[in-house]
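Let's walk through this structure together, one piece at a time.

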Amino acid sequence: MKISTLETELKDRAKAAFSLDDAGMAGFSLSAPPPHVKADACIAWPISSAKLLKKAPLQIAGELKDALGEEFGAQTVPPGFVNLNFTSAFLFAALKELEKPGCYARPEYAGEKINLEFVSANPTGPMHLASGRGATLGDSLARIWKELGAEVATEFYVNNVGRQVEKLGLSLKARFEGKEPPEGGYQGDYLKDLSAGLPKEAAGWTDAQFSDYAVAEMLKLHKADMAAFGVKFDRWFLESELHQAGGPAKALATLRERGMAYDKEGAVWFGSSTELESDDKDRVLVKADGRNTYFLNDIAYHLNKFSRGFNRLVDIWGADHHGYVPRMEAAVKALGSGAFRVIIHQQVALLRGKEVVKMSKRAGDFISLKELVDDVGVDACRFFFASRGPNTHLTFDVELAKKKSNENPVYYVQYVHARITSIFDNAAAKGVDPAAGFDEAKAVINKEERALMLKLLWLEKTLADCARDQSPHHLTTYLTELAASFHSFYDQHKVLDPENREVTAYRLFLLKSVKGVIARGLALLGVSAPDRM
RNA sequence: GUCCCCAUAGCUCAACGGAUAGAGCUCCUGCCUUCUAAGCAGGCAAUCCAGGUUCGAUUCCUGGUGGGGACACCA
């Protein structure tokens with residue numbers, strides 16, 4: 001029985017015993033006890049439900065203990081916890097369940113078709129290091145949601161039309177002609193490199209051809225950068241595709257139909273006098289000069305996503321766009337096609353020496369993602385970005401990241417995988433059958449083994465936490481803790497013992513589970529699980 | 001001016017409103033004749049300030065202080 005199954009089971013028993021409805025059971029959950037408590041799992045619900053039940057917590061705990069029966073070793077502890085202690089038979093059975101494919105799927109994700117858009121950096125320059133944060137967050141979340149049973153498509157929106165793209169083209173043209181980029185153009189050296197590769201015919205190109213060329217080249221770079229970062233998008237959606245399909249007109253028509261667009265002062269506005277409006281003020285969709293605003297294009301893009309069959313859209317944006325969230329949410333809600341949510345992550349600032357500098361593509365002052373990955377490695381980068389919540393404001397000290405790359409906790413976790421692989425290699429060399437059976441009832445589980453087993457079972461909860469908080473950082477914390485449990489075990493107990501086949505057999509079984517969870521956890525983070533280090 | 005985010009150990013980060021606030025890095029003390037010392041065991045060290053809600057607050061609310069960001073018929 002898995003932890004989640006057990007939780008549901010115990011919840012049902014409590015629900016019946018206390019004659020409560022689902023709302024009354026809302027706070028009921030199993031959790032890992034703090035380190036100093038000698039128990040395998042704990043329930044704090046008796047304390048939190050005291051008011052509802054109008055009883056003393058400890059009394060509720062007592063009644064809950066009786067309702068749960070003997071099989072999970074329930075104990076009451078003041079002020080009102082119920083602690084559980086599992087039998088070894090339970091632990092072995094639970095571990096075996098974790099080997100099944102799809103064992104982490106949860107019912108609430110079945111049938112979810114999620115479109116997750118992230119990074120979507122403008123194709124006006126190399127991708128900088130800050131994009132690594134959004135990429136890590138989006139890619140890991142997508143993988144975690146899939147593990148939980150959702151259908152997820154990842155998408156990168158490419159702004160390949162508009163003013164910035166024109167400026168990019170003009171800047172490239174200037175470089176080609178040996179001039180400095182125009183006012184407000186792109187100053188970075190990458191355009192010098194790009195112009196060196198231009199064909200001779202470029203001398204006769206129109207401005208638009210320079211733009212197209214530059215965007216196509218930047219897009220190639222972005223795709224290569226993302227691939228090198230272990231991030232694969234299911235679709236790179238070009239804004240030009242949207243216009244070719246008449247997307248903005250469709251979106252406008254939809255909004256008009258739903259009474260969410262009106263004309264004023266020669267422009268078309270989003271909003272209405274009704275309660276549907278949740279933004280603070282109305283916004284322009286079509287300017288008085290007849291051109292669409294970017295807002296309308298964005299609405300059209302989201303309508304396009306819905307039209308492809310997704311019932312849930314999720315965008316990941318940097319905090320510099322947070323002011324845009326209310327109006328997009330209001331607009332997408334106005335489309336009436338499905339759920340939409342924006343995940344905001346804070347910006348990455350760059351520490352150069354002792355100065356915090358703002359990275360700017362236009363000024364050409366930034367550290368590229370490629371440069372960082374080349375120096376530090378994908379694994380260390382991704383683990384580093386994944387290990388903090390989206391709301392943390394992080395300053396990236398590049399020198400420190402390069403210098404201390406070996407001190408990144410990612411190696412601590414990967415080392416577990418390498419050590420276990422090595423043990424299995426040695427088992428083969430010594431003629432030990434790694435799949436030998438053992439008598440579960442006779443296995444005497446020591447303290448370190450028990451800690452490892454329990455830790456493995458809590459991965460389920462960790463993934464649920466990641467989904468709840470929309471962040472993979474719980475997973476990095478979890479893996480680090482699991483690694484600590486393993487290294488501690490490894491140091492105290494030898495696995496391969498020809499004198500004791502039984503112990504060897506069940507330790508190998510346990511280590512296979514540990515290896516599996518480490519590999520799975522790292523895979524969810526887009527980090528490799530090396531066999532040797 | 002209005003709005004959003006943040007403040008935990010010397011540094012970088014954790015902690016569904018729960019029990020004695022956890023890690024990593026740094027510093028100090030030990031441990032390789034045995035499956036990989038990128039490791040283990042131990043030590044030093046923290047919730048910005050003032051109120052409030054609660055049986056219980058790092059967590060929620062109000063007000064400060066300090067830092068980051070956003071406020072276009074730009075894209």
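**Getting your bearings**

Chain A has 21 helices and 14 strands; here, helices (H or I, at least four residues) and strands (E, at least two) are DSSP runs, numbered from the N terminus. What you're looking at is a predicted model, where local features need pLDDT of at least 70, side-chain atom pairs count only at pLDDT 80 or more, and totals for chains, interfaces and linings use all residues. Residues are numbered from 1 along each chain as its sequence is written, while chains are lettered from A and ligands numbered from 1 in the order in which they are written.

Taken along the principal axes, the C-alpha atoms of chain A fill a box of roughly 85 × 60 × 40 Å. Of the 533 residues in chain A, 38% are buried. A residue is buried if 20 or more other C-beta atoms lie within 10 Å of its own, exposed if 12 or fewer, and partly exposed in between, with C-beta atoms placed from the backbone. Now take the contacts in chain A with a separation of 6 or more: residues 24 or more positions apart account for 72% of them. Two residues are in contact if their C-beta atoms, placed from the backbone, lie within 7 Å.

Find helix H6 (residues 131-147) and helix H19 (residues 459-469), which pack at an angle of about 125° with their axes 10 Å apart. That makes H6 oblique to H19. The axes are lines fitted to C-alpha atoms, for helices over the stretch in contact, and angles run from 0 to 180 degrees between N-to-C directions. Angles under 35 degrees count as roughly parallel, over 145 as roughly antiparallel, 65 to 115 as roughly perpendicular and the rest as oblique. Where they touch, Ile144, Trp145 and Glu147 in H6 meet Leu463, Cys466 and Ala467 in H19. That contact has five nonpolar residues, no polar ones and one charged. For these classes, Ala, Val, Leu, Ile, Met, Phe, Trp, Tyr, Cys and Pro count as nonpolar, Asp, Glu, Lys and Arg as charged, and the others, Gly among them, as polar.

H6 also packs against helix H15 (residues 378-386), at about 80° and with the axes 9 Å apart. So H6 is roughly perpendicular to H15. Gly132, Arg133, Thr136 and Ser140 of H6 make this contact with Cys381, Arg382, Phe385 and Ala386 of H15. Sorted by class, there are three nonpolar, three polar and two charged residues.

**On to H19 and its neighbours**

Back at H19, the axes of H19 and H20 come within 8 Å and cross at roughly 155°. H19 and H20 are therefore roughly antiparallel to each other. Among the residues in this contact are Asp465 of H19 and Tyr478 of H20. Is Asp465 buried or partly exposed? Asp465 counts as partly exposed because it has 16 C-beta neighbours inside 10 Å.

H19 and H20 are also among the elements covering the buried residues of H18. Those buried residues in helix H18 (residues 447-457) include Glu449, Leu452 and Lys455.

Finally, look for RNA strand B. Of the 68 residues around RNA strand B, Cys42, Gly162, Tyr294, Gly323 and Ser422 come nearest; a residue is near a molecule or strand if its C-beta atom, placed from the backbone, lies within 6 Å of it. Helix H17 (409-429) is one of the elements that give two or more residues to this surface, and H17 gives the most, with nine residues. Overall, the surface near RNA strand B divides into 28 nonpolar, 29 polar and eleven charged residues.
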